[in-house]
Amino acid sequence: MTDEQERQSEIGSLPKELTQAKILLEQGEFKKSFQIVLKLEKMDNLSAQELLSIKLIKANLLYNLGEFLDTIKNAEEIYQESQKQGDLLSSFDALTIQAHALFMVGKISQSEDLIKQAEDLFKKIKETSTIDTKERESFMVRIKANIYSLKGEVHRSLEFNKRAFELAKNTGNKELISASLNNIGNDFIRLKDYDKAIISAKEAVKLNYEPLLLYPLGTLIDVYVLKGDIKEAKVYFKHLGELKEKFDTKTYNDMYNAYDALLLKSSLRARDRIKSEEINKKLALDKTVTYEVRIGAIISLCDLFLIELRLTNYPEIIDEIQPYIQELLDLAEGQHLYLILAETYLLRAKLSLLTFDIKKAKRFLTQAQKIAERFGHTELAERITNEQSSLLKKSNIWEKLKEMGAPMAERIKLTRLSEQIEEISEKRTVLPAFLTEEKVTIHKEKKICLVCRGEVLRFTYICECDAIYCENCARALTDLENACWVCDNPIDYSKPVKLYKEEVGGKNVDNKGKK
Ligand SMILES: [Zn+2]
Ligand SMILES: [Zn+2]
């Protein structure tokens with residue numbers, strides 16, 4: 001007996017429409033199923049259990065329609081209700097659906113918390129019930145694998161995805177089998193084992209579970225683009241397009257657009273790149289799109305802007321990039337993706353150099369370094385130290401370039417900006433580990449250091465202007481410029497202020513700060 005059959009016998013006789021809604025859900029007819037569920041919900045002769053069961057299908061549908069925020073809200077309600085009724089299985093289902101949706105919008109630590117709860121509950125269910133729990137376990141294990149993968153623990157993720165596949169393979173549940181195979185493929189991409197990635201993703205495609213076929217198709221497009229085989233990538237993109245037309249869900253449409261932009265960007269024709277830019281701009285600012293798609297779109301945009309900047313020499317293009325960089329910073333900080341956050345500040349530093357804003361460049365470099373240090377990314381911290389000393393050495397060159405009005409291409413070369421964008425792009429696939437210290441517990445008024453973006457735990461330096469610095473950053477700034485980044489007042493009043501502007505001009509002007 002499958003989980004679903006079990007569930008039916010658990011509930012007893014269901015209204016006929018409910019069975020129909022379930023069948024439609026399994027066939028990927030999400031919109032039709034949703035219509036039925038909306039009607040069912042309004043019926044007033046339902047038992048409490050029937051209502052729960054209807055709501056679970058609804059949450060599942062919302063998830064499949066890509067409405068992740070609504071999924072989270074609905075699953076939360078189901079959880080509360082099922083707790084009241086002592087319905088452990090429904091509680092478990094609500095937790096896992098919610099955890100998965102939270103993961104999809106990048107709320108990793110919340111997702112992790114719920115998965116831990118689900119695991120505890122799962123133990124209880126296994127102790128008290130004799131039903132086959134393989135499908136539920138496979139789903140739970142797969143979400144865990146996702147979380148590991150996001151933390152940069154790719155080998156562990158692979159291990160859990162393989163376990164999810166083992167649990168699913170004999171259940172006949174195509175959705176579960178296909179998803180775990182696709183995720184195994186994704187892990188292999190991260191490990192740069194493209195051939196194994198292709199084998200896994202193709203197996204998933206062969207299962208032909210159309211409602212979720214977009215994922216293995218996307219994996220194959222990614223792999224072939226990485227291998228430089230655009231022709232093969234387009235074969236799978238065509239298939240994706242046909243399914244998009246058939247299903248017309250938000251998830252299908254967003255994914256189709258993201259891959260359309262990716263393939264257009266790889267074209268040598270300017271008009272294709274303009275099209276790619278337009279699509280990426282929409283995706284980058286759309287808060288309903290998954291964070292992975294959004295980060296990808298922003299990185300692609302930076303790439304495209306840089307090509308344009310090199311060709312046209314228009315400094316306005318840098319201003320055009322700024323809002324997207326801000327979006328990337330907000331996204332990375334909100335989701336605690338500190339490696340991406342640090343890399344993005346490094347990118348900002350380099351963009352400031354393009355307009356000869358040496359002071360800003362140095363501040364962003366300091367910030368990138370402090371973030372990398374604070375969150376344990378030593379390798380990156382070292383790289384930034386090198387960037388800093390190379391900038392100091394090149395100060396004269398930048399001054400000269402400024403006087404000469406050097407072309408952008410030359411400035412871009414000196415900053416090695418393209419390499420920087422590549423770095424962020426790589427970090428997107430192997431996302432960072434975050435320290436437990438920084439894990440979001442629900443603090444109402446968390447104090448965040450202006451520089452390293454970490455929580456200020458013990459000693460705090462608060463400037464007159466209310467800017468907050470952690471002890472470590474306050475000390476570093478005292479040694480560097482001794483000025484508050486917001487108001488330029490000295491941090492240590494017993495020491496002189498060294499503002500970067502003057503330093504670059506060749507002379508140090510002391511005590512510029514107001515006393
Ligand atoms: Zn700090
Ligand atoms: Zn201040």
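Is Cys487 buried or exposed, and what is its relative accessible area? Cys487 is buried, at 18% relative accessible area, where buried means under 20%, exposed over 50% and partly exposed in between (1.4 Å probe, protein chains only).

This is a predicted model, in which local features need pLDDT of at least 70 and side-chain atom pairs count only at pLDDT 80 or more, while totals for chains, interfaces and linings use all residues. Residues are numbered from 1 along each chain as its sequence is written, chains are lettered from A and ligands numbered from 1 in the order written, and side-chain values use heavy atoms, leaving out hydrogens and water.

**View 1. Four cysteines hold the zinc ion (ligand 2).** The SG atoms of Cys463, Cys465, Cys484 and Cys487 lie 2.2 to 2.3 Å from the zinc ion. Donors here are N, O and S atoms within 2.8 Å of the metal (3.2 Å for Na, K and Ca); water is not among the atoms, so sites may look incomplete. The angles among the 4 donor atoms run from 101 to 113°, making the site tetrahedral (four donors with all angles between 85 and 135 degrees). Along the chain the donors are spaced C-x1-C-x18-C-x2-C. Cys463 sits in the loop between strand S1 (460-462) and strand S2 (468-470), and Cys487 in the loop between helix H23 (471-480) and helix H24 (500-504), so this pair ties together parts 24 residues apart in sequence. Helices (H or I, at least four residues) and strands (E, at least two) are DSSP runs, numbered from the N terminus. Cys463 is buried too, at 3% relative accessibility.

**View 2. Phe92 and Phe122 make a tilted aromatic pair.** Their rings are 5.6 Å apart centre to centre, with 40° between the planes. Rings of Phe, Tyr and Trp (its six-membered ring) pair if their centres lie within 6.5 Å; planes under 30 degrees apart count as stacked, over 60 as edge-to-face and the rest as tilted. Phe92 belongs to helix H6 (residues 88-104) and Phe122 to helix H7 (residues 108-128), so the pair links parts 30 residues apart in sequence. Phe92 is buried at 0% relative accessible area, and Phe122 is buried at 6%.

View 3. Phe356 lies in the loop between helix H18 (338-354) and helix H19 (358-374), while Trp398 is in helix H20 (residues 378-404), 42 residues apart. Both Phe356 and Trp398 are buried.

Conventions. Four donors count as tetrahedral if all angles lie between 85 and 135 degrees; four count as square planar and six as octahedral if opposite donors are over 155 degrees apart and all others between 65 and 115; anything else is irregular.
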